[in-house]
Amino acid sequence: MAAIFANIDLAFLITALVKIVGFTFMMILPLVTVCVYLERRFSAVIQDRVGPNRVGIPLTLFGFKKDLQILGIGGLFQAAADGVKFILKEDFTPRSVNTFYYWLAPCLTVVPALLTCAVLPFGSELDLSLFGVVQPVKAVIADLSVGPLYTFAIASLGVYGIVLAGWSSNSKYPFLGGVRSSAQMISYEISLGLSIIPVFMVFGEMNLSKITSFQDLNGWLILPLWGEGLSVGRWVLWIPMMFSFIIFTVAMFAETNRLPFDLAECETELVGGYHTEYSSMKFALFFMGEYAAMIIGSGMAVTLFLGGWSIPFGPVLTSLTGFQFHHVAGSTPLLLGLVHIGVFLAKVLCFIMFFILIRWSLPRFRFDQLMKFGWLFMFEAALLNVLLTAVLMIWFPLK
Amino acid sequence: MAIITVQRPKLAWHEKAFISTLFKGLKITLSHALRTFLQIAGKKPKVTMEYPEQKWDDQLPDYYRGAPALVTDEHERERCVSCQLCEFICPPKAITITPGEIPSDDPWAKVEKRPKEFEIDMIRCIYCGMCEEVCPEQAIFLRKDYAITGLSRKEMVHDKKRLYEIGGQRVGLVNKWNELK
Ligand code: SF4
Ligand code: SF4
């Protein structure tokens, strides 16, 4: 017994725990609320409306004159109000449902979505020597060398939540939504997986932290403007990389059930789709799972194609200003580590804004169009892209 | 005869593949977003009114159908004779009238009746204006009050006093009960 305990690295355990709690519960979940707020405000301005602009910290409840608006931006607490509303609503379970799976489904949507964030590097490293931690702490929960594989493996579990919700609800609209969703997810998962094979071929690496460090030094994958990125090879390979990026993004829209591919909920045809029969916090869990999946998906795209946490032109800035802007393993100041986290979050937020913009710009596809597009175009394009990259890499090997 | 055959627009390949159309769409939404955002940031949203602070009351047309209310005439006489026509016509049955007799020593004794109680349940009222239409005495009118709120159901029932408060005096109507006519 004592031997087992002796083998456990306590410092590692504690940092891992702090990272898990810190990343999933202090970053992803608050980001979900930020997303909801952004979605509402952004859609509002797109439609010439104002959007939620009144909810603040409700000081009026305690006898103050005005509610407190943080930074003078109204409505920042709308998401919190929504959350409270969800908790206070009646949690209604229809009598005809298959109770066990009915309860299981919302959990099955949220849990995989949150699990996938384990391999995402959300920052370079944090130098915690101030607090007596000798080794710099890597800002990623699990530094796996098969990161993306893990992500796809877990993310594809997310479809079970939707299918089970549709099936256990024992009602036709959710059922149709669930069936549609499973068909859609399976079709697009193929192109999603195929689309990033060229990326790994170029990097020769599946460890997301190393991929990001490489991009930090040598230019982002689709923006190779510094370091080795200025070589001819990188620019020739830029073409298939751009294809990859586009296919990956489109497939991700389909994977996260966002418009224009949200055939699974599709209000105009299916009432509410797979979550029609859900209410209160169970419905909110679906909502949260969807947004969490969106955040992780954006994080993945940012990490693979847009340099993850790296500051654009990091090494160039370093040599120009004398301050350190890029990541050097083992000697990255704490401040820079924090800035890297901030940069990562900013990039993810920008990507999510793009998600939202697309949602409010494009109409929904018809289901047959969606399947046709997935199988007859995306799949082939992704496959050809792998070939193209392979052929190009004969003449322009990267490493 | 007048059948117009509409030709489907011929789309170029990039339009069919959603490439140029995608960017066109994004341009439209982004420009709207930017414009409205600047308006909001400048605290002057042009399309949306911030309701409780900004109101449009002076723009309400004369035929606006707000809360129904009872009116009195030049002589402070209640115009309603509690014939109960409005009570019968009211589609959601929002009106409840208890008719009362006018005592013979009253100067308006010849009118004979006036409502003892007159209640309109504003939770039921659908602002249809039937009561105003049907009233033979021009006693009930839909006014321009629209923000009828209350914290309880009871509060939302307008009694006679409240109805006259909203309605007030209305002059220049037909006077069939006095010599003025
Ligand atoms: S308001 Fe008009 S219709 Fe209604 S009871 Fe009085 S007189 Fe009759
Ligand atoms: S406006 Fe219509 S609903 Fe309202 S009290 Fe008059 S008749 Fe009834």
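Which residues in H9(A) are buried? In this predicted model, the buried residues of H9(A) are A:Leu208, A:Ser209, A:Ile211, A:Thr212, A:Phe214, A:Gln215, A:Asp216 and A:Asn218.

**Chain A: helix H9**
- Helix H9 of chain A covers residues 208–218, and eight of its eleven residues are buried, which leaves the helix mostly covered.
- The cover over the buried residues of H9(A) is supplied by several helices of chain A, including H5 (147–155), H8 (197–203) and H10 (232–255).
- Helix H12 (280–305) and helix H13 (314–321) of chain A are also among the elements that cover the buried residues of H9(A).

**Chain A: A:Asp48**
- The relative accessible area of A:Asp48 is 18%, and buried means under 20%, so A:Asp48 is buried.
- With neighbours within four places in sequence set aside, A:Asp48 is in contact with B:His32, B:Arg35, B:Thr36, B:Val47 and B:Thr48.

**Chain B: overall form**
- Chain B contains five helices and five strands.
- Read from the N terminus, the order of elements in chain B is α-α-β-α-β-β-α-β-β-α.
- The radius of gyration of chain B is 27 Å, whereas a compact globule of 181 residues would have one near 16 Å.
- Along the principal axes, the C-alpha atoms of chain B fill a box of roughly 90 × 55 × 35 Å.
- Of the 181 residues in chain B, 33% are buried.
- The accessible surface of chain B is about 12,900 Å², and carbon and sulfur atoms account for 58% of that surface.
- When contacts in chain B are limited to residues at least 6 apart in sequence, 69% of those contacts join residues at least 24 apart.

**Chain B: annotated cysteines**
- An unreviewed UniProt entry lists B:Cys90, B:Cys125, B:Cys128 and B:Cys131 under "binding site".
- These residues span 42 residues in sequence, but no two of their C-alpha atoms are more than 10.5 Å apart, so they gather at one spot.
- B:Cys90 is placed in the loop between helix H3 (85–89) and strand E2 (95–101) of chain B.
- B:Cys90 counts as buried, because its relative accessibility is 9%.
- B:Cys131 belongs to helix H4 of chain B, residues 130–134.
- B:Cys131 has a relative accessible area of 9% and is therefore buried.
- Apart from neighbours within four places in sequence, B:Cys131 is in contact with B:Pro68, B:Cys86, B:Ile89, B:Ile95, B:Ile140 and B:Leu142.

**Ligand surroundings**
- Ligand 1 has 13 residues around it, and those that come nearest are B:Cys80, B:Cys83, B:Gln84, B:Cys86 and B:Cys135.
- The shell around ligand 1 is made up of ten nonpolar, two polar and one charged residues.
- Ligand 2 also has 13 residues around it; B:Cys90, B:Cys125, B:Cys128, B:Gly129 and B:Cys131 come nearest.
- The shell around ligand 2 has twelve nonpolar residues, one polar residue and no charged residues.
- The cysteines listed in the UniProt entry, B:Cys90, B:Cys125, B:Cys128 and B:Cys131, are among the residues that come nearest to ligand 2.

Conventions: Residues numbered from 1 in each chain as written. Chains lettered and ligands numbered in written order. Predicted model: local features only at pLDDT ≥ 70, side-chain atom pairs only at ≥ 80, totals over all residues. Heavy atoms only, no water. UniProt positions renumbered as here; feature names shortened; annotations may be inferred. Helix = DSSP H or I, 4+ residues; strand = E, 2+ residues; numbered from the N terminus. Buried < 20%, exposed > 50% of the residue type's maximum accessible area, 1.4 Å probe, protein only. Contact = heavy atoms within 4.5 Å. Near = heavy atom within 4 Å. Nonpolar A, V, L, I, M, F, W, Y, C, P; charged D, E, K, R; others polar. Rg over C-alpha atoms; globule rule 2.2 N^0.38 Å. Areas by Shrake-Rupley, 256 points an atom, 1.4 Å probe, with all protein chains shown as cover.
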